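Subject: Structure handover

Hi,

Here is the structure for you to look over. My notes follow below it.

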Amino acid sequence: YDPTLILKMLLLSHLFNISERQTEEVVNDSLSAKCFVGLAANERAPDHSTLTVFKDRLIEKEGTKAYEELFNEMVKIAQEKGVKFGKVQIIDSVHTVADVNIGKDKARQKEGKPPRDGDACWGVKGEKVVWSNGKRRKETEYFYGYKDQVSLNAEAEIITSVKPGYGDEYDGRYLPYLVERDLKKGIGIETVAADRAYDDGENHYFLETKGKSSAIRLHDYRTEKKDKNKEGWIKLKESKEYQEGLKERYKIERKFGEMKKWHGFGRCRYLGLLKHAIQCYLTCMVVNLKRIVKLLTGTGFREETRSYLRA
């Protein structure tokens, strides 16, 4: 089969959040799906196992390099088609829960068996407010799975760079990596926005050396400490770039919500970091393609189309 046909079927699988077996059925039954992948009305779709072989061959030969190159090519196409990228770049991490039943997995390991997903690990999701005995307190939320670093252009609302990773990794270390990737792609960044997880002195210094404004949300201790060093932080917090950059942060949270609600990114499809990376790249490609179509044609992805194909 033409690799493009297989890739398009995988994109359909993530677009409609259906299994690869269901994707085979959809392509066989839907003329619009056949048109998209390039099959004639009387041609049968490749067997779902062909999609598995395709993924495994790419991993065996190049790891995730091929998927990363495909993702980067889509960003390049958007630029060539005239999509306007703005000056504010938003960086954040998104977690995906491993395809593991924690209770059963612990029982397996007590019997001396290996974990179901050897690459998945515990990470911190964030904090939530809970009420206990009439008192309000904050409680740390944890997850078991993976965490990916994502860079989104605020104006285009297109994901420009992504770095799949383990669940327990420190977010702050990846900001320079993502910014460098974006700059190499010709994204005209002037301000970088991020949450407190990226509030590291080295990240602020990195952006300064690159001539970029920082809109990384500061920890309170930076401006509340009792010494002269806080003046620089206060000045940053009051700057126009800082305040305007943070106003754009909701867009990346909205994008993560879209990925999880409509495209199944809340839970891993596969086991292991390499295969999770495939899910990450394909999901990012799907939401980017939807956004590119919207920007270039003014027509969005219709929910009735989604419902029809699922049915």
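Lys 113 is partly exposed, at 42% relative accessible area. Note that this is a predicted model. Lys 113 forms a salt bridge with Glu 111, with the closest N and O atoms 3.5 Å apart. Glu 111 is exposed, at 58%.

In total, the structure holds 22 salt bridges. One of them pairs Lys 55 with Glu 20, and there the closest N and O atoms are 2.9 Å apart. Lys 55 sits in helix α4 (residues 48–62) and Glu 20 in helix α2 (residues 20–29), so this pair ties together parts that are 35 residues apart in sequence. Both partners are under the 20% cut-off for buried: Lys 55 has a relative accessible area of 2%, and Glu 20 has 11%.

Arg 137 bridges to Glu 139, at 3.3 Å between the closest N and O atoms. Arg 137 is partly exposed at 41%. Glu 139 is also partly exposed, at 28%.

The largest cavity has a volume of about 40 Å³. Its lining has four nonpolar, two polar and three charged residues. Helix α5 (65–80) gives the most, with three residues. Strand β4 (158–163) and helix α7 (175–184) each supply at least two.

Trp 122 lies in strand β2 (residues 121–132) and is partly exposed, at 47%.

Best wishes

Terms used
Residues numbered from 1 in each chain as written. Predicted model: local features only at pLDDT ≥ 70, side-chain atom pairs only at ≥ 80, totals over all residues. Heavy atoms only, no water. Helix = DSSP H or I, 4+ residues; strand = E, 2+ residues; numbered from the N terminus. Buried < 20%, exposed > 50% of the residue type's maximum accessible area, 1.4 Å probe, protein only. 1 Å grid on protein atoms, 1.4 Å probe; cavity = no way out; pocket = protein on both sides within 12 Å on 5 of 7 lines; lining within 4 Å. Points joined across faces, edges and corners; volume = space filled by probe spheres on them. Nonpolar A, V, L, I, M, F, W, Y, C, P; charged D, E, K, R; others polar. Salt bridge = Lys/Arg side-chain N within 4 Å of Asp/Glu carboxyl O.
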